[in-house]
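Colleague: I am new to this model and would appreciate a close look at one part of it, namely the salt bridges.

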Amino acid sequence: MLCCLSYEACYNPPMIELDELLQAGGTLCGPVFEHTFADWCYDSRLAEPGQCFVALRTERRDGHAFIRDALARGCTGVLCSQPEAGVAVTMIQVADVRATLQRWASSRLQRYAPHVIGVTGSVGKTSTKRAIATVLGALGPVFSSRRSFNSLLGLPLTLAHLLPEQRWAVLEMGVDRFGEMERLASLFPPHIAAVTNVAPTHLHYLRDEAHIAQEKCKLVAALPPDGYAVLNADDPLVRAMAEQTAASIFWYSCAPELVDECKLPRSPFPILSATNITVTLDGTCFDLHYDAAVYPATVPFVGEHTVYAALAAIAVALCCGLPCAQAVARLPLIERQAGRLNPLPGLHGSTIIDDSYNASPRSVEAALRTLAALPARRRIAVLGPMLELGEQSTHWHQALGVTAASVCDLVLTVGDLAAQFVPPHPNSVQSLSRFNIQATNADALAFLRPQLGPGDLVLVKGSAAARMEQIVAGLLPPTVNVPAVLVRQEAAWEKVRVAEADRPTWLEIDLGAIAHNAEQLRHIVGAERKIMAVLKADAYGHGALPVARTVLQHGATHLAVATLGEAMALRNAGIGAPLLILGYTPPWQVRDALRYNVELALWDAHVAREISIATEELQRTSRVHVKVDTGMARLGLALDEAPAFLHFLHDLPGIDVVGIFTHLATADSADPHFAQIQLRRFDAVLQDITAAGLRPPLVHAANSATILRYPQAYYDLVRPGICLYGLSPSNETPCPAGFRPALQFKTEIAQIKTLPAGAPVSYGATWQAPRPSTIATIPIGYADGFRRSPAWQAVLVNGRRAPITGRVCMDYTMIDITNIPGVRVGTEVVLIGPQGTDCITAEEVAGWLGTINYEVVAAILPRVPRLV
């Protein structure tokens, strides 16, 4: 079995000349400090010394805000539209950074004049590009665009590596929006175009496969009459592209028996095809047929579908004049790619198939077919989500979940979206039992690592944002050099968050912190007691479903919510743990509670009779917890009513009393007096019902504060809530050292205005600028849970506190950034959490608002997306 030889082919160091940038439309701003640059830098977090930073404005960020960060990391040049003052660096100003980059790259390509091979398609572009570059190496020096830099931004960046002596330039060309391919083909006109396939990808921008094919076809249409279109004859949408070009067609196929050559558009070449395909962990073997000759061939890639990349490479080489036998001989030289069906030795004699680079429906299907084709003791698929599928996301996840169930002995899904792989209507209980849902990569590893054994074959796949390479790393033995074989292993990737919120105000939820806090609580209460994690109010604003999955992996045995709707949402998402509604359930909801196997808090005889009637109708048993009011005066039985009520329930059919509980009113207060009175009252009730033989198996009274202060109240089960999320029950009852807050609340600058002294801000003109002021608007308001009155006092911008100015609006708030330098539209703003050396805590906000941290986080409304 071969491991990945390297993630990226070796490249000579590029050299970007200042004169080239000036010829492309740039203007110098200030003195020249450097005339040449080592490479482009497009992300300040990934900056390296000697690079030229490209200050790009994207949909979500303005790169000008990160110029100083890039310079601090060693960049010696900046290409920008708004120069940064006060920095000793070569600064090139342009009207449009993207357009300048494109002109520069196009000019370099024209000046060096290599033969251009454009590679496009929905899936397999990068593998095909690398295969073509390797095979063409027999004819002379070849340039191959780096990684998957294939867009109107990425391709210009990678052309910094193009050298004059390279005769061939193999350029991967991808699009995720309509109109991009026409522009790419205009900037970098191909002489040969290779098209792999058309499949559903980027559906949030491109409507469907027909729309995708229309866009890909523009590369073929741009070919000159003396050019060549290398097309996959097995894909009907690719076949149709032949009608849109005057170039010669070269067909290739892995199913020649299904291709009617008579119906294919005429070609000066015989069809190139493959038969007798055999897939092994060492590579894929096949017989290559061309012009009545048969050539035994091997490609180092794993999977039947990878033969298409080999065929496209051979076809391009034949178009360029390389004899077929020589082209076939080059195939074994192709380097495997990290994160693309790359077999690696796993723990305990298992084998890991690392396909963590990215995921789309076609690539997931191909990976599952490959898993099915390989011998194994057990076949396991660890699947993260497929992103960018728009409205078709649920359909594709569910459809491929059915495929995974037919192939695998175990399907482990990671994250909420990936849970959609679990079929909603499985064709058998056995099929459903093959699925296991995990909330985080860490939880998936903790579940899977102990299970692995010799002969297990584990496929790991998901979109880039899922960071599935972290799971692969955790499944490898210590003898493997992880950075050498996995994707996204550069140190800077530790700082990069790939996932983005769907609006510019969001919560970041650290499920790892919640897992850690749950384990801390397990240590505090001891292994002998059960833990009921309280998830009411959407897990105190943290997201009930991901939190439920996390805590159940880290010590919780039971869950609790406040309402039937909260319980049903968890059940509908596949949460099967014991689940208690802590509050009032009216009689008309008891049947749904029974249907969803939800336990109920009970203290009312009328409700009890309705439950009993419903259990007879539905032929089910209801599990209930009797609530006793020991001094909260909110819900529950009076102290002297408890024994008689338990006798009454004992005689009602269909009711199983599994618990009895109370709630302490002052457990978080400095004065323990009343809490101790409540516990003595509860102990007296327990003594009476125990003597009567009515004590249920689960007795519980301890919320977070009680857990931290009254060990005598642990009984059989504890009910942690606020401290699960790393928040203290009160100032008098702080969380112990080591508990970690799990929530950060963020937004970004939407607009900046300079106002004269005396200018009013917001409704009612209640605030006037005391001096000439710079005021920023942030897209958050009281409809997000950002309180209007009393209001937040300040937020963090560039690590400094910016006060709120004027009244908070429904959707917007204004802040004073007069004394904070370097703020731009898109600059991140922190409402709760750390930034720089400062931190705004939920407890501090609670002090501003005259409330408690519980309300601060629970009041953040659902329209604020949660990133986990």
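Modeller: D716 is partly exposed, with a relative accessible area of 25%; buried means under 20% relative accessible area, exposed over 50%, and partly exposed in between (1.4 Å probe, protein chains only). The model is predicted: local features need pLDDT of at least 70, side-chain atom pairs count only at pLDDT 80 or more, and totals for chains, interfaces and linings use all residues. Residues are numbered from 1 along each chain as its sequence is written, and side-chain values use heavy atoms, with hydrogens and water left out.

The partner of D716 is R695, in a salt bridge whose closest N and O atoms are 3.7 Å apart. Such a bridge is a side-chain nitrogen of Lys or Arg within 4 Å of a carboxyl oxygen of Asp or Glu. R695 lies in the loop between α24 (673-691) and β30 (698-702) and D716 in the loop between α25 (704-709) and β31 (717-718), so the pair ties together parts 21 residues apart in sequence. Helices (H or I, at least four residues) and strands (E, at least two) are DSSP runs, numbered from the N terminus. R695, at 38% relative accessible area, is also partly exposed.

By this rule, the model has 32 salt bridges. Another of them joins K746 and E508, with 3.3 Å between the closest N and O atoms. This pair links distant parts of the chain, with K746 in strand β32 (residues 743-748) and E508 in strand β23 (residues 506-509), 238 residues apart. K746 is buried at 9%, and E508 is buried at 13%. Finally, R503, D784, D811 and R863 are linked in a network of salt bridges.
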